[in-house]
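This report describes a single protein chain from its computed geometry. Please examine the model shown below before reading on.

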Amino acid sequence: MGVCVLGGLLEKYSPRASQTSSSSFSDVNFVPSPRRCRLKRSDEETFGFCLRLEEATEGHVIRQVEPWSLAERSGLQDGDRVLEINGVFVDHLEHNKVAQRIQASGLVVSLLVLAGPDYERARALGIDLRPLAWMHGPHLDHRTPRLCYITADVNASFGFSIQPTEGMFLPEVILNTTVDGPAEAAGVQNGDRLIWIDGTDVSDLTRSALNKMVRKCHNHVALLVIDSASEESYTRRGITIVPAMAKPSNLPHFPHKLFLTQGPEGYGFLLRQERTSAGRIGETIWQQLRAHMSPALLFASCFLLAPPIGVCCPHPVNFSLPVCVSAAHFLQEVDQESPAEHAGMCDGDLLLAVNGDPVEGVDHEDIVAKIRASGSQVTLTVIDCKGSDFYAQVSFSNGGPL
């Protein structure tokens, strides 16, 4: 995802250095003017900026904007404060959650920012920044995009077709649905705009390439769709629609709990640690699993396998570094007729939590110790390998897109 948490000392900040005169704070005619910055990178590129939480400074601060980087070309400037990410107001959120929303955006992110001096002046005047952001966002005339998972019917039909348009490239892809067909049942509406199909942004496809993709889909396909009016609303404001913004519909995979009672020879499985790219599953799993997991585990699963970021972390989150590598913990070599097999464990399951406590960012040895400390019974929350692969695609393939 191009994100890494850096160590180091907290940069000290003196509010006197950036405050304007007290007389300027009394200017009742002052109206802050936020800017929309859209960044789109390839797998090999970085965004080229650092997100900081600084001592004695309000807001989420943009720092270290690299010359000639995507950040600089988009209009980001040193000292900018982030107000919105992909149309969602974030100024009030904890710093780690703001960084994680950028991580979940994948290769494309839209930031609404306010220049540092204007932000500080607005705060001093007591200006509510949320209505200000709403004026620059799609909030009044849009609906949430939908991520729909479609299973083909007995006739191998998904129940949708692509409305013909002129030209080799597709300015927009309009879907026609079959009444009571699989697509409609999965949440697709007639006339929806197709944004993304099985990990690929359709704006990057020719008509021929898109038709080939649809034909190659066998029994299942995942579509990111939105109604035409809402798409126009996002487009007018320069906001790119990404899976992390979507409301899931009919998604196929979710974590489940395994209740194990220790036998004479233990639980009957091995826990192995593997290295993987950070941010593998992303925010979509959080939306799908809201009813299945505790609040603490929901938070961890929201950005599964991302580098750990402490609450209100003072260190910068650097979006100029190569993709970080993080650890995942897999359940393997499940013994036949063992307590693990009887509980429903499958080889390759990805471990999410032990006794309700998330394992994201926890050392392998500490996880093993926690399982042993549970005594004769332990509860493991897992997702199978198909599920982890599916959410990896949802979050990461942005242009495929997370």
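**Basis and confidence**

This is a predicted model, in which local features need pLDDT of at least 70 and side-chain atom pairs count only at pLDDT 80 or more, while totals for chains, interfaces and linings use all residues. Residues are numbered from 1 along each chain as its sequence is written, and side-chain values use heavy atoms, with hydrogens and water left out. The quantity pLDDT is the predictor's confidence in each residue, from 0 to 100. Its average over the protein chain is 76, and 72% of the residues score at least 70. Over residues 1-25 the pLDDT is below 50, and this stretch has 62 contacts in the model beyond near neighbours in sequence; a contact means heavy atoms within 4.5 Å. Residues 395-402 also have pLDDT under 50, and the model gives them 46 contacts beyond four places in sequence.

**The chain as a whole**

The protein chain has 14 helices and 21 strands. These elements are DSSP runs numbered from the N terminus, with helices (H or I) of at least four residues and strands (E) of at least two. Of the 402 residues in the protein chain, 52% are buried. Here buried means under 20% relative accessible area, exposed means over 50%, and partly exposed lies in between (1.4 Å probe, protein chains only). The chain exposes about 18,400 Å², of which carbon and sulfur atoms supply 51%; accessible areas come from the Shrake-Rupley method with a 1.4 Å probe.

Strand S5 (residues 81-85) is mostly covered, with 5 of its 5 residues buried. Two strands pair if DSSP finds at least two bridges between them. The pairings of S5 are set out below.

S5 and S6 form a hairpin with 2 residues between them, and Asn86 in the turn has a positive phi of about 50°.

Helix H4 (residues 95-104) is mostly covered, since 8 of its 10 residues are buried. Among the buried residues of H4 are His95, Val98, Ile102 and Ala104. Gly106 follows H4 and has a positive phi, near 80°. In helix H5 (residues 116-124), the buried residues are Gly116, Tyr119, Glu120, Arg121 and Ala122. After H5 comes Gly126, whose phi is likewise positive, near 75°.

Where does Gly159 lie? Gly159 is in the loop between strand S8 (146-151) and strand S9 (160-162). Gly159 counts as buried because its relative accessibility is 2%. Not counting residues up to four places away in sequence, Gly159 touches Asn176, Thr177, Thr178, Pro182 and Ala183. From Gly159 to Ala183 the separation is 24 residues in sequence, with 5.1 Å in space, C-alpha to C-alpha.

Thr177 belongs to strand S10 (residues 175-177). With a relative accessible area of 15%, Thr177 is buried. Leaving aside neighbours within four places in sequence, Thr177 is in contact with Gly159, Phe160, Ala183, Glu184, Val188, Gln189 and Asn190.
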